[in-house]
Amino acid sequence: MFFQRTVSRRVWAEGVGIHSGNPSRVTVLPASPGTGLVFVRSDLESKVEVPADVHHVVDSRLATTLGRDGVTIGTVEHLLAALYGLGIDNARIEVDGPEVPILDGSAEPFVRMILSGGGTVAQRSRPKRFFVVKKTVRITDGDRSVALRPHDCFAIDFSIDFPHPVVGKQRCEFVLSDRSFLHEVSRARTFGFAREVAALKAAGFARGGSLDNAVVIDDFCVQNPDGLRYPDEFVRHKVLDALGDLSLLGAPIIGRFEAVRAGHALTAALLHKLLATPRAYEIREFRQRAELDVAKIRLPELAALRVPARA
Ligand SMILES: [Zn+2]
């Protein structure tokens, strides 16, 4: 049987918030079976618990922000993608500011933080629950669309089309397995266009953004001295974002997510539509021959992932 999982011990990381520019520390602690993923602002007197579910999404512009009773935590999606990729169901996540630190702009530092802190532990008192898509649900907005359809495993098919010679049209078909997240997606960094940076900063975004935590593209090429980590790092990061946002269903998905030029807001809208369509899904527990054991992934394997991929 698949069991629920949590982190084996308290782990933490420090950095800056990409949008706020403020220093920030995130601490991930073990939590009991059935807790889910719960954010808490440790810098505030009020210890309001903000569940990582789509009902608590309060802002989807450029990043996903969760909130409850006036307490908000921004840019949660990369950390949530790491937790999803490692199969973690339950954790208490403390953030000492309004935004999860961006670290290097990917999910890899969060994966490294958890694996170097002892990895994950199965909670054998509680079977894992899965969110099984039974009927296709779709949202279209002009030339952008998202859909979740029935499938025999969890897959993401993401297409982007940016009118820029470095990015252009890219498509990534990703099938989640116990290793594929680490190898294919976890290291893909967020990205932005240099000519948009000033306007973003003026609007209160990207104030902590730099070449250390984002791929920056000018009118001709990638500005980061070491280039790209994957030739198609841009669409892979969109897959990473989608994983984090889809985790807001509260259970790992058995289904296929298809996205064309989509972002956080469209994905959140799709999850609301799915949850409002009871015949389109069911929550199930599975009995299997062997349990996925991502806790057995070791750090040397992570080190081996460092494939230079200058495009
Ligand atoms: Zn992102």
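Two strands are counted as paired if DSSP finds at least two bridges between them. The legends below describe close-up views of a predicted model.

**Figure 1. The pairing of strands E6 and E7 in a sheet of 3 strands.** Strand E6 is joined to strand E7, residues 65–68, by 2 bridges, and the two strands run antiparallel. Within this pair, Val 57 has Leu 66 of E7 as its bridge partner. The sheet is open, its 3 strands follow the order E6-E7-E8, and the pairing is antiparallel. Strand E6 (57–59) and strand E8 (71–73) are the edge strands, each of which pairs on one side only. From one strand to the next, the twist averages 40°.

**Figure 2. The protein as a whole.** The predicted protein contains 7 helices and 19 strands. Its C-alpha atoms fill a box of roughly 55 × 40 × 40 Å, taken along the principal axes. For 311 residues, a compact globule would have a radius of gyration near 19 Å; the 18 Å found for the protein agrees with this. Buried residues make up 44% of the 311. Among contacts between residues at least 6 apart in sequence, 76% connect residues at least 24 apart. The mean pLDDT is 91, and 92% of the residues reach 70 or more. Over residues 306–311, however, the pLDDT is below 50; this stretch has 9 contacts in the model beyond near neighbours in sequence.

**Figure 3. The open sheet of 5 strands.** The strands of this sheet are arranged in the order E2-E3-E9-E4-E5, and their pairing is mixed. Strand E2 (11–16) and strand E5 (49–51) stand at the edges; each has a single partner strand, so one side of each is left without a neighbour in the sheet. Neighbouring strands are turned against each other by 25° on average, direction ignored. In general, the strands of a sheet pair through backbone hydrogen bonds, either parallel or antiparallel.

Figure 4. At the E2 end, E2 and E3 pair in the antiparallel sense over 6 bridges. Gly 15 stands opposite Ser 24 of E3 in this pair. The hairpin of E2 and E3 has 6 residues between the strands, and in this hairpin Gly 21 takes a positive phi near 80°. At the E5 end, strand E4 (residues 37–41) is joined to E5 by 3 bridges, and these strands run antiparallel. Here Val 38 has Pro 51 of E5 as its bridge partner.

**Figure 5. Helix H2 across strands E2 and E3.** Helix H2, formed by residues 108–116, lies across E2 and strand E3 (23–29). The helix runs at about 150° to E2. H2 also belongs to the elements that each supply at least two residues of the side of domain 1 that touches domain 2.

Figure 6. Just after H1, Gly 87 takes a positive phi of about 75°. Leu 86 is placed in the loop between helix H1 (77–85) and strand E9 (91–95). Leu 86 counts as buried because 23 C-beta neighbours lie inside 10 Å, where the cut-off for a buried residue is 20 or more. From C-alpha to C-alpha, Leu 86 and Ser 159 are 24 Å apart in space, while 73 residues separate them in sequence.

**Figure 7. The contact between domain 1 and domain 2.** The domain assignment of the protein gives domain 1 as residues 3–127 and domain 2 as residues 130–303. The C-alpha centres of the two domains lie 17 Å apart. Domain 1 brings 43 residues to the contact, and domain 2 brings 38 residues. On the side of domain 1 that touches domain 2, H1, H2 and strand E10 (120–127) each supply at least two residues. The largest share of this side, 8 residues, comes from H1.

Technical notes:
Residues are numbered from 1 along each chain as its sequence is written. This is a predicted model: local features need pLDDT of at least 70, side-chain atom pairs count only at pLDDT 80 or more; totals for chains, interfaces and linings use all residues. Helices (H or I, at least four residues) and strands (E, at least two) are DSSP runs, numbered from the N terminus. Axes are lines fitted to C-alpha atoms, for helices over the stretch in contact, and angles run from 0 to 180 degrees between N-to-C directions. Two residues are in contact if their C-beta atoms, placed from the backbone, lie within 7 Å. A residue is buried if 20 or more other C-beta atoms lie within 10 Å of its own, exposed if 12 or fewer, and partly exposed in between; C-beta atoms are placed from the backbone. pLDDT is the predictor's confidence in each residue, from 0 to 100. The radius of gyration is taken over C-alpha atoms; the globule rule is 2.2 Å times the number of residues to the power 0.38. Domain bounds come from an automatic or database domain assignment.
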